[in-house]
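Here are a few exercises to work through with the model open. Try each task before you read its solution.

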Amino acid sequence: FNEISSPDSDFRIINIHASPIDWNGNDSVMLTFEDVTSLNKTREQLRKILTFENHTGVLNKRGLEHVILRDLSNAIKQAGQLSLIMLNIDNLKQINEDSGFMSGNRLMRDFVRGTQKILSNRGKNSSFGRWSTHEFMILSECSGAAAVVLANDIRNRADGMKISAGVADINSEIYPGVNDLIGAAYDAMTQAKKDGGNKTILARV
């Protein structure tokens with residue numbers, strides 16, 4: 001594929017096919033050009049629909065699963081750090097019941113924007129998405145201790161929300177599978193909820 005700029009400055013994506021032919025007894029190559037700009041845009045739109053959550057605009061569960069597989073594989077190859085944070089909004093159900101779903105949705109969008117801002121200011125590679133109705137996930141290239149600090153920062157800035165967080169990390173000696181990493185973070189988050197909520201627990205896998 002090649003990108004070509006048209007006179008009106010609009011970029012087009014052109015698929016170039018090369019086929020060997022006999023031209024008057026000589027070996028030659030015939031080039032054909034196919035404008036696939038519209039097809040590429042459709043694929044990109046479909047990718048966004050499949051991997052991003054419509055309500056908040058962050059990665060959905062399918063998108064997060066793809067990111068976990070990719071980042072865990074990279075961490076193993078590069079012997080790098082990787083931590084997974086599970087966040088549960090403890091009082092979202094109560095907010096919806098007391099103030100209505102519109103208030104709950106507004107607070108959730110505020111929480112998403114605030115979390116995105118915190119992650120953006122960190123200067124480290126992080127992915128953020130919605131795992132389920134009340135649960136969000138962050139995957140970050142950092143140690144477990146740094147992820148705990150990050151989770152606490154997010155919790156403390158979540159105005160009007162009580163959040164339980166579970167953190168699981170890997171290091172150069174321990175490389176769990178995807179289910180191990182998710183399960184460890186989820187169990188730690190569940191324990192934080194059982195302990196009264198609105199706290200962060202670090203689990204080793």
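**Exercise 1.** At what angle do helix H3 and helix H4 pack, and how far apart are their axes?

*Solution.* Some ground rules: this is a predicted model, where local features need pLDDT of at least 70, side-chain atom pairs need 80 or more, and totals for chains, interfaces and linings use all residues. Residues are numbered from 1 along each chain as its sequence is written, and side-chain values use heavy atoms, without hydrogens and water.

Step 1: H3 covers residues 92-99 and H4 covers residues 101-122; helices here are DSSP runs of H or I with at least four residues, strands runs of E with at least two.
Step 2: the angle is about 140°, with the axes 6 Å apart. Axes are lines fitted to C-alpha atoms over the stretch in contact, and angles run from 0 to 180 degrees between N-to-C directions.
Step 3: that makes H3 oblique to H4 (under 35 degrees is roughly parallel, over 145 roughly antiparallel, 65 to 115 roughly perpendicular, the rest oblique).
Step 4: the contact (heavy atoms within 4.5 Å) involves Leu92, Ile95, Asn96 and Ser99 of H3, meeting Phe101, Ser103, Gly104, Leu107 and Met108 of H4.

**Exercise 2.** How many aromatic pairs does the structure hold?

*Solution.* Step 1: there are three, counting Phe, Tyr and Trp (six-membered) rings with centres within 6.5 Å.
Step 1: take phenylalanine 111 and phenylalanine 128, whose ring centres are 6.4 Å apart with planes at 75°, so this pair is edge-to-face (planes over 60 degrees apart; under 30 is stacked, the rest tilted).
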